[in-house]
Amino acid sequence: MEEKQVRHIEIPCFMTDSAYRLKASAFMEEAQEIAMDGADVLGFGYDTLHPMNMAWVLVRMQFKYLRAPMWREKLTLRTWHKGVKGPYFVRDYELLDEKGERVAVSTSSWVVLNVVERSFVRMSSLEGVVDPNPQNEDSAIETLAPKVAIPRNVEPDIVAKHNVVYSDLDFNGHTNNTKYISWAFDALPIEVSTQKAFSEISINFNKEAMLGEEVTLKCFKSKEEGPETWTIEGAVDDHNSFTAKIVF
């Protein structure tokens, strides 16, 4: 088995919230960067796929904070390609403290997109391009990142709107994945987002939001017993753009 891709981090102030905790969006930014590095090392990164009019697209992601990573903390982020599971290429992550103990764990599901035709590339067409075999058989989270469903019989508590602007875009010209989770936290009641520490997030990316589009954000609080749970849906017109579930 090949070694995992490694990235060393000392959490800067601009990645933290008002309680000095690493923001969910900041974790996703670091995960996004190390995923690109990891794909490059394995020979199916940007430089390989881009000339073929292909790109990696993140479809689902789940991550759990075993404890909140804090400002100035020195951490090690590791990732590895976990092979093919059903229709997805799977990549896991783990965030370790200086003692080597896990602070956060994550799993993500990906597909390859033909950026000209805007269609998914079949696994059979990627033979010889993307190795379907796992880089490492370890699991940060055993199961695949789940599908996030809108709670039934629950009215949205908050409805907000966001116009996609320049600062939301990535180099593919659409909203960067990390922005959706920022919008989700912005849609929460302020006393929840600022005073409570989340423990788990699942997010599904269903349709990319483009420059100038208006994203309507709906926020639902679960009525079920157990940990406080919020589901946020973002939609452009009648099309679901993303759905996120945040557990506190």
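How many bridges pair β9 with strand β10, and in which sense? β9 and β10 (residues 229-236) pair in the antiparallel sense over seven bridges. The model described here is predicted.

**Strands**

β9 spans residues 214-221 and also joins strand β7 (residues 158-163). β7 and β9 run antiparallel, with six bridges between them. One residue pair can be named for each pairing. His162 has Val215 of β9 as its bridge partner. Lys218 has Glu233 of β10 as its bridge partner.

| Strand pair | Sense | Bridges |
|---|---|---|
| β7 (residues 158-163) and β9 (residues 214-221) | antiparallel | six bridges |
| β9 and β10 (residues 229-236) | antiparallel | seven bridges |

**Helices**

Two packed helices are described by the angle between their axes and the distance between the axes. The axes of α1 and helix α3 (residues 177-187) come within 9 Å. They cross at roughly 170°. Angles over 145 degrees count as roughly antiparallel, so α1 and α3 are roughly antiparallel to each other. On the α1 side, the contact is made by Ala24, Ser25, Met28, Glu29 and Gln32. On the α3 side, Asn177, Thr178, Ile181, Ser182 and Phe185 take part. The residues of this contact divide into four nonpolar, five polar and one charged.

**Val41**

Val41 lies in helix α1, which covers residues 24-42. Is Val41 buried or exposed? Exposed means over 50% relative accessible area. Val41 has 57% relative accessibility, so Val41 counts as exposed. Val41 and Val115 are 74 residues apart along the chain. Their C-alpha atoms are separated by 22 Å.

How values were computed: Residues numbered from 1 in each chain as written. Predicted model: local features only at pLDDT ≥ 70, side-chain atom pairs only at ≥ 80, totals over all residues. Heavy atoms only, no water. Helix = DSSP H or I, 4+ residues; strand = E, 2+ residues; numbered from the N terminus. Buried < 20%, exposed > 50% of the residue type's maximum accessible area, 1.4 Å probe, protein only. Axes fitted to C-alpha atoms, helices over the stretch in contact; angles between N-to-C directions. Parallel < 35°, antiparallel > 145°, perpendicular 65-115°, else oblique. Contact = heavy atoms within 4.5 Å. Nonpolar A, V, L, I, M, F, W, Y, C, P; charged D, E, K, R; others polar. Pairing = 2+ DSSP bridges.
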